[in-house]
Every structure is written in structure tokens, then in C-alpha cells.
Amino acid sequence: MNVVNKFARPEDMGMSSARLAAIPDFMGSYIDRGKLAGLSTLVSRHGEIVHFESIGQRDRELKLPMERDSIFRIYSMSKPITSLALMMLFEEGHFQLNHEVFRYIPEFKKLRVWAGGTNAQWVTKEPARPMTIRDLLTHTSGLTYGFMNMHPIDRMYRHAGIGGAATSGMTLKDMMAKLADIPLLFSPGEAWNYSVATDVCGYLVEVLSGQPFDEFLQSRIFGPLGMVDTGFFVPEHKLNRFTANYEKNPQTRETRLVDKSDASSTYARPNPFLSGGGGLVSTMTDYWRFCQMILNGGEFEGVRLVSRKTIEFMSSNHLPGGRTMKEMSLSSFGELAADGAGFGLGFQVILDPAEAQSIGSPGNLSWGGAASTYFWIDPEEDLVAILMTQLMPSSTYPLRPQLQQLVYAAIED
């Protein structure tokens, strides 16, 4: 485990040991009631880990314990990593945020916008303006996700085999060609809609760097930060630490196994589709190193990935006119609630904790993954918190706000 020297007594960091102990007590009730197989929680303050607990089982069927070095599917918690990778290239002058995406993906020159119709017959129109790279980073691009089942365009995504992290049988380049033939949901910049935009960002990293996306992440982020267990698949010699994934059926209320923790898992072998939007696996300590680097202003243990000003820039609300996600959202779907929050370049930014009904600080950065994983970074309190479990969908239980309540209750300075 790569955080051996990063533990501190909670009281020395202005937190209560007794109140932090309430986290596994409370979260453990989900396990006791059979709602979760297991989970891990981590809290750090002032750069030191003050709470790290792993409880329950990483594989309920095989009765394998959840451990601190267990490996999780982080799904959309891949997005901040991909966004940072693209912004590293921004720092080097490879592009401007207002550059049209078609400069780097020529197929996108022909993008059209849905103007009405049905699955069988529809009409399109010219976009009000071209899609920019900032649109991709803020989910205002007009792209969508096929699994939403809310619009005829979603069906087009499914028919084309574009399934986000579940996409198979194609490369990122193949995906770009398919996306170019599907209408946008709206003209870029007109709304906020969760989408495959971060997968497009991953492809831009390949185009701009001249490296395969996975190689760029390994050489520029994972290797330098010491993220030794993060990648697009779980190697055979690490499968003994991999977690099983579960799903709760909203109709039957039953929880079932959907992906095993052994060699039969779709994550047990390389996938040609390198999903920057949701394809990574990671551990608690690996992801903490990433979050701490963000909190430190782009540096961790003497390794600087980006400048402090770039992190500040990414942490600002980049939605047009300073609007909130709620004001711009086209659908109700997103990994986190849209009230009182804007969106930066890769993660949600809390603007008003009262409106968000979320204890914390203005400027909190956060995002989550489909299997109920979650992180947030609080610059005002110099705090990072991470939750890892494996239950889909992420809206099944209010784990995220409950963890926030428990963590902030432990601050005593």
C-alpha cells in the first residue's frame, strides 16, 4: 500500500477520532442489512490520512474480505483524470479551449443538431456554433449517453454500439466516426447534459500527444504520482484484490451480482476501447494520491503535474453566464445533484452549499461513479474524502450525502 507514511492522529489534524469512528459504524449498517457487500472510506486533512476503513466483503459470493488495497471499478471517477490529462496538454500550448473540436477530429465538421422527428424519420439543422473543447470538458457539447433512454438520439447511440465504459469492439477513433453521424441533442453551449464527451477528450489526448491514451496516462499521471494499481484493466496477478460488482433491481429490490471478481470479468483483460469517461479501475490510496495532488495545486510528493493556476482555472465554474447545472441541465441524470453547483473543467464545483443542501464549503470539487463511488475535495478545509463500493446504480442509497454529514461532523478545530 502506497501511503505508509501518510497517517496522522485525527486530533493533530483538527478532527475527532470518536466522530470519525462513527463512519464505519453507520456505513456498516448497510452491510449488516445486506444492502452492500462491502465498502471503504478514507478521509485526509492537511495532507495526512486521519481515517481509512475497509469493511464487509469485496466478493460476497466467495466470502472474500474488503481490504485497503482492494481494486474497484471507478467508472465516471475516470473523468477528472482524463480532464486533467487534456489540461496538461493545454498548459503546453497544444490547443485553446475555444478551439473547434473539428480542428482535431475532422469528422466533427459535419455534426448536425436534432430538429425533431421520430426514431424512424427525423430532421436536423446546423448547430448555432461549432462544438469547442470547453464544451467537452463541461458537458455542454450536445452529446449524450445512450443508456438514458430519454430521446431518440439515445437509441441511435445504442444502435451504433456506443455504450460509454461498456463500449466494446471499437477504438476511440472508431467511436469518433460513429458520433459524427449522429445528431447532437442541442447546439453546443445551450444546455448541460451528461455524456460521452469525456471519451472524446480521451481521444483528443491521443491526437494532441501522439501517444495511445493509456500510455499517456501511465507515463504522465499514474507513474509520476505512484498510482500503481490504476489502469484500464486488472492484470492477472492483481485479480486476487479485485472487487465484485452488484446491481439492485428497482422493481424486485433484489441485489444481484453483475460482474465477478475473477478472470471472467470484463475488466480482467485489455479492452481496445480506452474509455476516459468511465473505463478505469483504481484503489483507495491511488485515487487519494490523485485528489491530494489536485488539493495541493497540481503537485504531490515533489512531483508537479500542472501549475497551481491551472488547477484554480479548472476549479472555477465554466458554465455559460455563471449558471448552475440545475439551470442548464436538460435531464435529471448526473452523478451528483445539480442544485447549487456549477461545473468546472472535469468536475462539479459547489457554489452555494445551502442551495445544494450539502454540508461543506463553496468551491468543493467532486464527482462520482456508476457503482456508487465518490470523492470530494474541500480546499477551504484542506480535506479530501473518498468512498469506494461496487453497487449500481449510484442513486440506490444516499451514501454520498451521508458520508459528507459524518465527515464534517468530525471537524473540531
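**Entry 1: strands β2 and β3**

I began with strand β2, residues 48-59, and found that 2 bridges join it to β3, the two running antiparallel. The model I was reading is a predicted one. I looked up which residue faces Q57 and noted that it stands opposite P65 in β3.

I then placed this pair in its sheet. The sheet is open and holds 8 strands in the order β3-β2-β1-β16-β15-β14-β13-β12, with antiparallel pairing. Its edges are β3 (64-65) and β12 (341-343); each has a single partner strand, so one side of each is left without a neighbour in the sheet.

**Entry 2: strand β16**

Next I turned to β16, which stands between β1 and β15 in the strand order. I asked how many of the residues of strand β16 are buried. The count is 6 of the 6 in residues 383-388, so I recorded the strand as largely enclosed by the rest of the structure.

I also sorted its side chains by direction. L383, A385 and L387 point one way from β16, while V384, I386 and M388 point the other way, and all are buried.

I then followed the pairing on both sides. Strand β1, residues 38-45, pairs with β16 in the antiparallel sense over 6 bridges. Here V43 stands opposite A385. Strand β15 is joined to β16 by 5 bridges, and these two also run antiparallel. On that side W376 stands opposite A385. I therefore wrote A385 down as a residue of β16 with V43 opposite it and W376 opposite it, and as one that is buried.

The hairpin of β15 and β16 has 4 residues between the strands, and in it D382 takes a positive phi near 55°.

**Entry 3: another hairpin**

I looked up β5 and β6 as a further pair. Strand β5 (residues 113-117) and strand β6 (residues 122-125) pair in the antiparallel sense over 4 bridges. A hairpin of 4 residues joins β5 to β6. Within this pair, W122 in β6 is the bridge partner of G117.

**Entry 4: two positive phi angles in loops**

I checked Q357 and S372 for their backbone angles. Q357 is not a glycine, yet its phi is positive, at about 50°. Its place is the loop between α12 (353-356) and β14 (365-368). S372 is likewise not a glycine and has a positive phi of about 75°. It lies in the loop between β14 and β15 (374-378).

Are these residues buried or exposed? Q357 has 74% relative accessibility and counts as exposed, because the cut-off for that class is over 50%. S372 is buried, with a relative accessible area of 3%, because buried means under 20%.

I looked for T167 and found it in the loop between α5 (152-159) and α6 (172-180). Its relative accessibility is 1%, and it counts as buried. Leaving aside neighbours within four places in sequence, I listed its contacts as G161, I162, N271 and F273. I also noted S275, which is 108 residues from T167 along the chain; their C-alpha atoms are separated by 8.1 Å.

I then examined the peptide bond between M392 and P393. It is cis, with omega about -5°. P393 is found in the loop between β17 (391-392) and α13 (399-408).

**Entry 5: the chain as a whole**

The secondary structure comes to 13 helices and 17 strands. The radius of gyration is 20 Å, close to the 22 Å that the globule rule gives for 413 residues, so I recorded the chain as being as compact as a globular protein of that length. Along its principal axes the C-alpha trace spans about 60 × 45 × 40 Å.

Buried residues make up 57% of the 413 residues. I asked what share of the contacts between residues at least 6 apart in sequence join residues at least 24 apart. The share is 68%.

For the surface, I noted that the chain exposes about 16100 Å², of which carbon and sulfur atoms supply 50%. For charge, I noted 38 positive and 45 negative side chains, with the centres of the two sets 5 Å apart.

Key
Residues numbered from 1 in each chain as written. Predicted model: local features only at pLDDT ≥ 70, side-chain atom pairs only at ≥ 80, totals over all residues. Heavy atoms only, no water. Rg over C-alpha atoms; globule rule 2.2 N^0.38 Å. Buried < 20%, exposed > 50% of the residue type's maximum accessible area, 1.4 Å probe, protein only. Contact = heavy atoms within 4.5 Å. Areas by Shrake-Rupley, 256 points an atom, 1.4 Å probe, with all protein chains shown as cover. Lys, Arg positive; Asp, Glu negative; His and termini not counted. Charge placed at Lys NZ, Arg CZ, Asp CG, Glu CD. Pairing = 2+ DSSP bridges.
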